[in-house]
Amino acid sequence: MPGVAVIILNWNGVKLLKEYLPSVVKYTNPALARVVVVDNASSDASAEVVRQEFPQVELICFDANYGFAGGYNRAIEQIEEDIVVLLNSDVEVTEGWLEPLAEVLEHHAEVAAVQPKIKSWKNKSEFEYAGACGGFIDRWGFPFCRGRILNVVEKDSGQYDDEAEVFWCSGAALCIRREVYLEAGGLDERFFAHMEEIDLCWRIRNSGKSLKVCPESVVYHLGGGSLPMNHPHKLFLNYRNNLLMLYKNLASAEWKRMSWRRKWLDFTAMLVFLLKGETENVKSVIKAYKEFNRMKTAYRQPACEHADPCIYQGCIIFQYYFRHIRTFSRLWK
């Protein structure tokens, strides 16, 4: 079995390291993988805690905070193992979590990356928002997961326990071939945060490789550590990065069809925000479009002319509109 490096990116996360790193050390077989904490120039005691409390863990310290994408890109360039795992610092792993992931890549040469089943650390009977049991994108460009649609998560009753091909794997626990990661260009540092792993997975799919979820492997993710769900800046990043991702990875003809649909949908969302008095959210969507129009000149459309917007032939837009219809009904009463 090829060697594996489990990479945990940290920035001022000493509390998270104390809480979650023990499970990674305990349940990661040292004969299979080494655990590496990459510190993004933290100002807290993160580095000291790793050195003193986890001497079996390798520590790489950067001289600046390169963010999520930049930190992982620089770390993976230094790693020599054939397989790397991008593991969030707020993830608790379980016994035998890594072996099934490595075996998928060992026995399936066409698979570039795989993710485990990701459940909520706060409510361990439910899936977790950021990845659940494998990600997809619907015909309208909205990401969703097996076990999560929009902001609604399901309880895990074994309904997604089959190993399946997916459109994207979560960056919370992404097991990927190092060579594929580097060939694809790594995570796009211009995204700053949100959807950068979906963009990477889409680029990998456009190169002809596949991705999977392996529910035999289970981890628990705290999640929500960067920005609250309804924060205007989070909304801005999600809208802008979603547009950039679609523009980068869709064939030209498909992008033209997609863009007008999204304008109507996003206008509807702004109207709802306005009626609810959430003016900051309206400004965030407008800002996202302005930033998208400014940034898109730096990207080229993919060379392929086939459209592959999703492998799940569904539209979560019906749930999207149903939610807004209910909002309008409440406002009109």
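This is a predicted model: local features need pLDDT of at least 70, side-chain atom pairs count only at pLDDT 80 or more; totals for chains, interfaces and linings use all residues.
Trainee: How many aromatic pairs does the structure hold?
Mentor: Nine aromatic pairs. Rings of Phe, Tyr and Trp (its six-membered ring) pair if their centres lie within 6.5 Å; planes under 30 degrees apart count as stacked, over 60 as edge-to-face and the rest as tilted.

Trainee: What is the geometry of Tyr 247 and Phe 292?
Mentor: The ring centres are 5.9 Å apart with the planes at 80°, so the pair is edge-to-face. Tyr 247 is in helix H7 (residues 232–249) and Phe 292 in helix H9 (residues 279–295), so the pair links distant parts of the chain, 45 residues apart. Helices (H or I, at least four residues) and strands (E, at least two) are DSSP runs, numbered from the N terminus.

Trainee: Is Tyr 247 buried or exposed?
Mentor: Tyr 247 counts as buried at 14% relative accessibility, and Phe 292 is buried as well, at 4%. Buried means under 20% relative accessible area, exposed over 50%, partly exposed in between (1.4 Å probe, protein chains only).

Trainee: Switching to charges. What sits over the ring of Tyr 220?
Mentor: The charged end of Lys 124, 4.7 Å from the ring centre. Arg 262 lies over the face of Phe 142, at 4.5 Å from the ring centre. The criterion is NZ of Lys or CZ of Arg within 6 Å of the ring centre and within 35 degrees of the ring normal.

Trainee: Backbone next. What is the phi of Ala 132?
Mentor: About 40°, positive although Ala 132 is not a glycine. Most residues other than glycine have a negative phi. Ala 132 lies in the loop between strand S6 (111–120) and strand S7 (135–137) and is buried, with a relative accessible area of 0%.

Trainee: And what about phi of Phe 192?
Mentor: Phi of Phe 192 is near 70°, also a positive value in a residue other than glycine. Phe 192 lies in the loop between helix H5 (178–183) and helix H6 (196–206). At 57% relative accessibility, Phe 192 counts as exposed.

Note on methods
Residues are numbered from 1 along each chain as its sequence is written. Side-chain values use heavy atoms; hydrogens and water are left out.
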